[in-house]
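Please consult the sequence and structure shown below.

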Amino acid sequence: MRLATGLVCLALVVVCALQAKATGSTYSRTANYQNEIVIRCPDKKKATIQTLQAHSDVWHVGKDTIDVRLSKKTFARVQNYFPKCHIVVANVESFVQQAEVQMFRMAEEQAWVQEVMAETIPKCGSLKQCEAALEDWEADQQMSSSFFEQYHPYEDIKSFYKTLSETHANLVTYMPSIGKTAEGRDMPAVHITASKNPNRKRFYMQCQIHAREWITGGVCMYIANHLATEYEKSSRVKSLLDNMEFVMVPIVNPDGIAYTWEHDRLWRKNRKQNSYSPSCPGVDINRNFPLGFLHKSIGHACDEDYPGFNAGSEHETKNIMKFFRNNAPIVGSIDWHSYGQLILRPYGYTNASAPDESFMLSLSNTMKDKIHSVHGQHYSPEKSEELYFCYGIAADWLYSNNAASTNKGYRSASICIELRDSGHPYGFLLPADQIVPTAEEVLPAVLYYAETMLNHPLIYNRKSQLKEPVFDAKKHHSRNGL
């Protein structure tokens with residue numbers, strides 16, 4: 001009787017666990033974009049950029065075009081000044097709805113809940129066996145290829161990395177939190193290495209700093225899984241993990257990510273409540289880093305790229321900077337973004353070349369070739385400012401004297417990668433069936449980058465440190481994008 005009662009209780013636990021897993025990815029958007037469109041303007045003049053940003057959400061700046069989301073009413077006025085602008089998405093609401101149909105498979109999730117219930121519970125001979133069966137099933141689900149063919153919310157992403165650390169405990173260490181966000185969520189981190197050398201070099205990656213750029217989270221999970229699962233199979237991966245460590249912050253913007261799943265799919269910033277502008281919450285974390293920070297008045301708090309009142313003011317920014325310093329020496333870093341298919345190198349805040357420009361240009365060109373060799377996709381290497389000026393960005397700080405000064409004699413090379421697509425037809429709403437191809441194509445570039453920095457790191461000497469270009473805020477105007 002006790003065993004039977006125990007099995008019934010465990011059955012209820014299993015039901016609850018599976019239902020939670022099935023509904024944990026529930027998407028409940030409340031924002032409506034019915035009266036909004038996306039236009040493309042074949043012009044990158046400063047005046048055009050400033051005018052459009054004042055009335056719209058700039059999605060992407062290409063070499064010769066700008067994509068912006070705005071209301072139909074605003075577009076009527078814009079056309080008077082920029083007649084060459086044309087509509088590329090006639091109804092953002094319909095556009096988002098079409099993406100949602102492709103992204104979410106709730107009916108399938110409910111089907112496998114019932115299937116697992118039917119197959120697992122009757123076969124349990126003891127509580128211990130049932131518990132083991134559930135644990136094995138959960139691990140199989142998270143490591144299956146289909147897992148990487150779907151987008152996942154905050155809690156599921158954390159669960160993935162935790163499970164990865166449990167199934168590959170000899171390689172992967174999961175840190176539940178490197179610090180809290182404004183809304184009290186944890187920012188987890190992951191360490192992947194086989195090296196026991198306390199002075200091993202490290203390679204850093206951060207993902208999902210902008211909430212709506214879901215593809216970055218999927219790519220980072222794929223790369224982490226590849227490193228862990230290929231260690232015993234790939235001599236290349238084994239050599240890397242035997243000699244260096246990969247450190248990742250997979251969710252830089254937990255509050256923003258949660259908000260895109262619960263309210264507004266196209267939300268960009270964090271969710272800090274700006275007391276001086278309560279109707280306009282949020283700070284763009286990727287404008288809040290110290291190098292090249294551009295102060296904007298509180299009247300700009302509604303801007304998509306609002307940098308915050310002071311450099312380094314945000315919980316997320318502070319947590320990233322502290323984590324970076326605590327994991328020295330870091331010799332290479334990637335800040336993942338979408339979209340545009342770009343490989344961007346410092347600087348963003350000035351048109352002056354970085355002291356290591358020739359090295360990073362060569363690195364970027366080879367990474368481009370590595371990416372192209374997989375699925376034929378073209379990624380363009382550029383200096384960040386060649387695309388447009390952007391201020392207080394993470395990629396610039398990761399390369400900065402400020403970051404290098406506590407990095408045990410090394411300066412981290414720094415690359416920002418904008419993933420698929422090129423802006424048409426999907427932009428931020430890249431279908432889930434492109435997650436794996438996107439990850440597959442950038443993986444060889446990541447491995448090459450890590451190998452290069454392991455063998456040819458940039459040396460930092462405080463006495464002869466590189467002279468960084470002086471930032472004159474009066475000469476610059478902030479822009480959206482990265």
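Is arginine 185 buried, partly exposed or exposed? The model is a predicted one, and in it arginine 185 counts as partly exposed because its relative accessibility is 21%, where buried requires a value under 20%.

The side chain of arginine 185 forms a salt bridge with that of aspartate 255, with an N to O distance of 2.9 Å. Arginine 185 is located in the loop between β5 (172-175) and β6 (189-192), whereas aspartate 255 belongs to helix α10 (residues 254-262), so the pair ties together parts that are 70 residues apart in sequence. Aspartate 255 is buried, its relative accessible area being 1%.

## Further salt bridges

The count of salt bridges comes to 20. One of them joins glutamate 100 to arginine 29, with 2.7 Å between the closest N and O atoms. This pair links distant parts of the chain: glutamate 100 lies in helix α4 (residues 92-103) and arginine 29 in the loop between α1 (2-23) and β1 (36-41), 71 residues apart. Glutamate 100 counts as buried at 17% relative accessibility, and arginine 29 is buried with a relative accessible area of 19%.

A salt bridge also connects arginine 69 with aspartate 57, the closest N and O atoms being 3.1 Å apart. Arginine 69 is in strand β3 (residues 66-71) and aspartate 57 in strand β2 (residues 57-61), so the pair ties together parts that are 12 residues apart in sequence. Both arginine 69 and aspartate 57 are buried. Through salt bridges that share partners, Glu36, Asp57, Arg69 and Arg212 are joined into one network.

## Strands β10 and β11

Strand β10 (residues 342-345) and strand β11 (residues 380-383) run parallel and are joined by four bridges. Arginine 345 stands opposite lysine 383 in β11. Together with helix α12 (residues 357-375), β10 and β11 make a right-handed β-α-β unit.

Threonine 216 is placed in helix α8 (residues 214-229) and counts as buried, with 0% relative accessibility. Beyond its neighbours within four places in sequence, threonine 216 is in contact with Cys207, Gln208, Trp336, His337, Ser338 and Leu419.

Helix α11 (residues 315-326) has 12 residues and reaches 16 Å from its first C-alpha to its last, close to the 16 Å expected at 1.5 Å a residue. Buried residues in α11 are Glu316, Thr317, Asn319, Ile320, Met321, Phe323 and Phe324. In an α-helix, residues three or four places apart point the same way because there are 3.6 residues a turn.

Conventions
Residues numbered from 1 in each chain as written. Predicted model: local features only at pLDDT ≥ 70, side-chain atom pairs only at ≥ 80, totals over all residues. Heavy atoms only, no water. Pairing = 2+ DSSP bridges. Helix = DSSP H or I, 4+ residues; strand = E, 2+ residues; numbered from the N terminus. Right-handed = clockwise from strand over helix to strand, strands pointing away. Expected span 1.5 Å × (residues − 1). Buried < 20%, exposed > 50% of the residue type's maximum accessible area, 1.4 Å probe, protein only. Contact = heavy atoms within 4.5 Å. Salt bridge = Lys/Arg side-chain N within 4 Å of Asp/Glu carboxyl O.
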